[in-house]
Amino acid sequence: MERTGQWVFSQAIPTDVVVEVGNSSFPLHKFMLVAKSGFIRRAILDSSASDVAEIKISDLPGGAEAFEKAARFCYGVNFEISVYNVAALRCAAEYLEMTEEHCEGNLARRTEEFVAQAALKTLPASVALLRSCEGLLPMAEELGIVQQCVDVIGLKACNESSFPTRSPPEWWATELGSLPPTSFQKILSAMKSRGASPKTLATAIAAFAERSLPDLLSRKGGAAAITTNSSSSASARQRTLLESIVSLLPPNCDAPLPIGFLCLLLRSTVSLSSSAASRRELERRIAASLDQATVGDLLSISLDVSGERVEDLDSVRRIVSLFVEQETTAGAGGVGGGLFYGGGGALCSATLQKVARIVDSFVGEIATDEELSVSKFAGLAGALPKSARRFDDDLYRAVDIYLKAHPGLEEIEREKVCSVMDPLKLSYEARLHAAQNKRLPLQIVLHALYYDQLQLRSGGAPADNHTSPAAAARSAAKGDASLAKENEVLRSELARMRMYLSDLERTQGGGGSVSKPSASAAAAVGPKKPKFFASVSRTLGKLNPFKNGSKDTSSIEESGRIGLAKPRKRRFSIS
């Protein structure tokens, strides 16, 4: 009442009506209110009492704050209209019937003009207006305020995603992240209808999830936040919000979301005991992009709050199984590219080999957990086919770590652990280590020794099958370069020999003090020596191993002869 007395224009005229809105009371004058409010006029005229002294309003949109501004408008007192209160004022004006029917330029018209000319001009203002409508439903929807905001926000968000006017370029997604779930879902539908790309929708969803669930989707302490905030109402609200986010995700084939973001969502669904449908959907999406994951992403799913104990390994195993199923389907349909020969000569994609390295590293990280059973370890390590790995060195490392962390295993259990790897697919260094590893079963050690013994009997040192094709190509290139260098040296020696023979011929043919040989000597000796050296030069010059683009010289022709013996790869010299 003291606050009302500050703007009532005259204290000389006593108030004749008290309007109660909720727990607030406003002493006012009837003649000022009935001039602009049809609701107040009808309440006074319809009353059976001759002198109405009190009017109660219990369900006014915007409450006492909105009524106070409406009363100020009736008294002609200035007040500020902003994007934060204009929706409440518009709803209050509709409730109090402050329309053009009762007074020209009434509050309803003034608020509509502000919405059209100011509130919907920028994206942040439109978002703030839509957020203010959350507590004014359903009247805000009936008046069309919500739909106007949705249309403008959807249009401006699409424009900003294509032609950003601020930095960072994704600032618009951060603005949308502050909306409540129901409003955000309407914005996504509006963006889809305007042709927004799946990548744009995925960006908006990721920003909304990180803004709505900052504690759950953090790398550190996400599950701890769930434990400390363990009230049933808070958990139920978070669970509902999380499931709504999962339902909003666009098709994975059109816009794959960041794999780390999906893994954090999956961890949250497990911690909040969300629906099985939400968990399966996230597992399917992670499996489709598993080659982009890191070991840390998989650890965020499987480890507990402290990060020291394996809590959920089944989700990771299902993800790997789904990935193998998708790869098998793609390979059968001829979709997958970049195929290579894996273990056993079977074809496998480069994606499958990359995932195998990720899984092997992940298994090596969790192998130190003392509570990790043999069946779970073998089930995850053996989830990929044998052909997925060219070499089992990383898998052997994980097996050795597990055996070292679990020294009390029986022989049959150790054999089951080692059954996930192939001893014949180890590198020479790994086989040498395995042959001296006392933690391995005897059968695995014998396999490694037997393989090396076969290599020795075949006529050479134990083969290191760990040499990659790239290393072999580099070795061949170095050999070719060495041969080319030797060939150039040989060419220079031959050139010097020809110059020496030319000088010798000129000296013998035109010397003043040197007597000419006889005709018979000139015929027998003189011409014969140059022809011999020239023939040797021509023969050596044709031994160029790079003459025909190949190191094979068996096709070189000389004097009508084919099939000369292949020259040895060494430096030739003539003395």
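A search of the whole structure finds four aromatic pairs; here, rings of Phe, Tyr and Trp (its six-membered ring) pair if their centres lie within 6.5 Å, with planes under 30 degrees apart called stacked, over 60 edge-to-face and the rest tilted. This is a predicted model, in which local features need pLDDT of at least 70, side-chain atom pairs count only at pLDDT 80 or more, and totals for chains, interfaces and linings use all residues. Residues are numbered from 1 along each chain as its sequence is written, and side-chain values use heavy atoms, with hydrogens and water left out.

**Aromatic pairs**

- In one of the pairs, the ring centres of Phe-39 and Tyr-95 are 5.3 Å apart and the planes meet at 40°, so this pair is tilted.
- Phe-39 belongs to helix α3 and Tyr-95 to helix α5, so their pairing ties together parts that are 56 residues apart in sequence. Helices (H or I, at least four residues) and strands (E, at least two) are DSSP runs, numbered from the N terminus.
- Phe-39 is buried, with a relative accessible area of 17%; buried means under 20% relative accessible area, exposed over 50%, and partly exposed in between (1.4 Å probe, protein chains only).
- Another pair joins Phe-377 and Tyr-402: the ring centres are 4.4 Å apart and the planes are at 20°, so the pair is stacked.
- This pair links distant parts of the chain, with Phe-377 in helix α20 (residues 374-381) and Tyr-402 in helix α21 (residues 393-405), 25 residues apart.
- Phe-377 is buried at 2% relative accessibility, and Tyr-402 is buried at 1%.

**Charges over rings**

- Lys-36 lies over the face of Phe-73, at 4.5 Å from the ring centre. A charge sits over a ring if NZ of Lys or CZ of Arg is within 6 Å of the ring centre and within 35 degrees of the ring normal.
- Arg-166 places its charged end over the ring of Trp-171, 4.3 Å from the centre.

**Packing inside**

- The largest nonpolar core has 139 residues, and Phe-67 and Leu-176 have the most contacts inside it. Such a core is a set of buried Ala, Val, Leu, Ile, Met, Phe, Trp, Tyr and Cys residues joined through side-chain atoms within 4.5 Å.
- Leaving out residues up to four places away in sequence, Phe-67 touches Val-19, Val-21, Phe-26, Leu-28, Ile-57, Leu-60 and Leu-96, where contact means heavy atoms within 4.5 Å.
- Helix α3 (residues 38-45) has Gly-38, Phe-39, Ile-40 and Ile-44 as its buried residues, and they pack against α2 (30-33), β3 (54-57) and α5 (86-95).
- Ala-204, in helix α12 (residues 198-212), is buried with a relative accessible area of 0%.
- Among the residues that Ala-204 touches are Leu-176 and Trp-172; the C-alpha atoms of Ala-204 and Trp-172 are separated by 8.2 Å, although the two are 32 residues apart along the chain.

**Loops and backbone**

- The peptide bond from Leu-137 to Pro-138 is cis, with omega near 5°, and Pro-138 sits in the loop between α7 (123-132) and α8 (139-142).
- A cis bond also runs from Ser-167 to Pro-168, with omega near 0°; Pro-168 is in the loop between α9 (145-162) and α10 (171-176).
- Glu-97, in the loop between α5 and α6, has phi near 60°, a positive value in a residue other than glycine, and is partly exposed at 23% relative accessibility.
- Ser-273 also has a positive phi, near 55°; this residue lies in the loop between α15 (259-271) and α16 (276-288) and is exposed, with a relative accessible area of 56%.
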